[in-house]
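This briefing concerns a predicted model. Please view the sequence and the structure together before reading the points that follow.

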Amino acid sequence: MPIKIIRSKADLAVNGAPPAFDKPLHVGRPNIGDREAFLQRVNQILDNQWLTNNGPMVQEFEQRIATHLGVKHCVAMCNGTIALEIAIRALKLEGEVIVPSWTFVATAHALYWQGITPVFADIDPVTHNLDPDAVRRMITPRTTGIIGVHLWGRAAPIDELQSIADEHDLKLMFDAAHAFGSTYKGQTIGRFGACEVFSFHATKSFNTFEGGAVTTNDDELAEAMRLMRNFGFHGYDNVIHPGTNGKMIEVCAAMGLTNLDTLDDVFAVNRRNHAEYAKALANVPGISLLTYNPAERNSHHYVVIEVSDDCVATRDDILFALQAENVLARKYFWPGAHRMKPYRDLYPHAGLMLNYTHAVAEKVIVLPTGMSLSEHAVSSISNIIAIRSNSRG
Ligand code: T4K
């Protein structure tokens, strides 16, 4: 609950008033399902004395996720980044792979860590997803693949990217870290491209503490990834593939199974919060809230606003004012992966091809949502934005 009413600039913490919230409000506050059900599962794990290595909880989790997403295989992993790396290896990507810079840096890191050069393509400034024309411009003889990212859970332009991949004989996979439960043209994300990679990190709408998965309809690819995530073991003592340790542990699967049961409640609260933000910010000059297509399913987990160039205050002024009130909003994914040191060193001039990425990176603020955020809090956060965005300095 907010602890003060903000009527004017003088009531803001940046101007010396006490903060609106006595405890920090986080963007990535985990959604936690039925504790009793989770603890029962943990007891079962302890009774089984089977803690990891493809245990019964992980197997049940994989089956339930595959059914939930309507896809043949779900290969559960220890986190989304390792899942990306294993998918990249299993697809035999090499040379250069085209990715957006406007994503969490793990998308680029997963490639780089596998000795592959991430080549950044620009985005559509409206959807924040890869622009297919920009992808075409970045193809070279060394390109072997494209990784589309379903940013904010809004599907990348899947059909267009698939056409480009087919035309140029490239592999296409998706970073679906934000898109658990999202749809594209009415079909659940998880089945597109050669494979799709999810993150079930604590900060995601659906979490397994840490965790991730690759989903695919390709039997051979699924088999290769299962081998790779367990050192390449095929039965005892027989290693038939180079591999790593990408296994999900039983307690993470238990968390996932528990959270899956209440996922609809999480989505409903997120939808409610998003609608409240939309109502409260509708007439605030210079502020626009990213919307979700009502014809598609989305977790509404990311509440993203853009501060336009003609807003009286800057994006950073507003962010600073929110943080002073204990609202720990973020500017994900500023400044863009290409401006982070490893990739800045690699491509000092990448920005020349990334105009929209730059523009979007300077505008965005991501606001708190999730099960722990009340409607009062949403209205108070919106009020802070409305008042701060209307004043200079
Ligand atoms: N691809 C994309 C597009 C991604 O967004 C991600 C991850 C990945 C790939 C890689 O998947 P993983 O390997 O992570 O499974 C966070 C998450 O760590 C990361 O998973 C996520 N994307 C990214 C968008 O956000 P940070 O560095 O911003 O996390 P941090 O520690 O600042 O936490 C965010 C907020 O959440 C803070 O306000 C604190 C709060 N929080 C965090 C945790 C862990 C809590 O309230 N409770 C918690 O338990 O990266």
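A residue is called buried under 20% relative accessible area, exposed over 50% and partly exposed in between, with a 1.4 Å probe and protein chains only. Helices (H or I, at least four residues) and strands (E, at least two) are DSSP runs numbered from the N terminus. Residues are numbered from 1 along each chain as its sequence is written, and side-chain values use heavy atoms, with hydrogens and water left out. The model is predicted: local features need pLDDT of at least 70 and side-chain atom pairs count only at pLDDT 80 or more, whereas totals for chains, interfaces and linings use all residues.

- Strand E12 (residues 303-307) runs antiparallel to E14, and four bridges join them.
- Val304 has Val366 of E14 as its bridge partner.

**The seven-stranded sheet**

- Seven strands form an open sheet with mixed pairing, in the order E2-E10-E9-E6-E5-E3-E4; strands count as paired if DSSP finds at least two bridges between them.
- Strand E2 (73-77) and strand E4 (117-121) are the edge strands, each pairing on one side only.
- From one strand to the next, the twist averages 25°; angles run from 0 to 180 degrees between N-to-C directions, and axes are lines fitted to C-alpha atoms, for helices over the stretch in contact.
- Five bridges link E2 and strand E10 (residues 212-216) in the antiparallel sense, and Ala76 has Ala213 of E10 as its bridge partner.
- Helix H4 (residues 106-113) packs on the sheet, where it touches strand E3 (96-100), E4, strand E5 (143-149) and strand E6 (171-175); contact means heavy atoms within 4.5 Å.
- The direction of H4 makes about 150° with that of E4.
- Helix H6 (residues 158-168) lies across E5 and E6 and runs at about 150° to E6.

**Packing of H3 and H7**

- Helix H3 (residues 80-90) packs with helix H7 (residues 219-229) at an angle of about 125°, their axes being 9 Å apart.
- H3 is therefore oblique to H7; angles under 35 degrees count as roughly parallel, over 145 as roughly antiparallel, 65 to 115 as roughly perpendicular and the rest as oblique.
- The contact involves Ile86, Ala87, Arg89 and Ala90 of H3, together with Leu221, Ala224, Met225, Met228 and Arg229 of H7.
- Seven of these contact residues are nonpolar, none is polar and two are charged; Ala, Val, Leu, Ile, Met, Phe, Trp, Tyr, Cys and Pro count as nonpolar, Asp, Glu, Lys and Arg as charged, and the others, Gly among them, as polar.

**Surroundings of Ala134**

- Ala134 lies in helix H5 (residues 132-137) and counts as buried because its relative accessibility is 3%.
- Not counting residues up to four places away in sequence, Ala134 touches Ala121 and Asp122.
- The C-alpha atoms of Ala134 and Ile98 are separated by 9.9 Å, the two residues being 36 residues apart along the chain.

**Backbone features in loops**

- The peptide bond from Tyr332 to Phe333 is cis, with omega near 0°, as is the peptide bond from Trp334 to Pro335.
- Phe333 is found in the loop between strand E13 (327-328) and helix H11 (341-346), and Pro335 is placed in the loop between E13 and H11.
- Asp169, although not a glycine, has a positive phi of about 55°; Asp169 sits in the loop between H6 and E6 and counts as exposed at 71% relative accessibility.
- His300 has a positive phi near 55°; His300 lies in the loop between strand E11 (287-289) and E12 and counts as buried at 13% relative accessibility.
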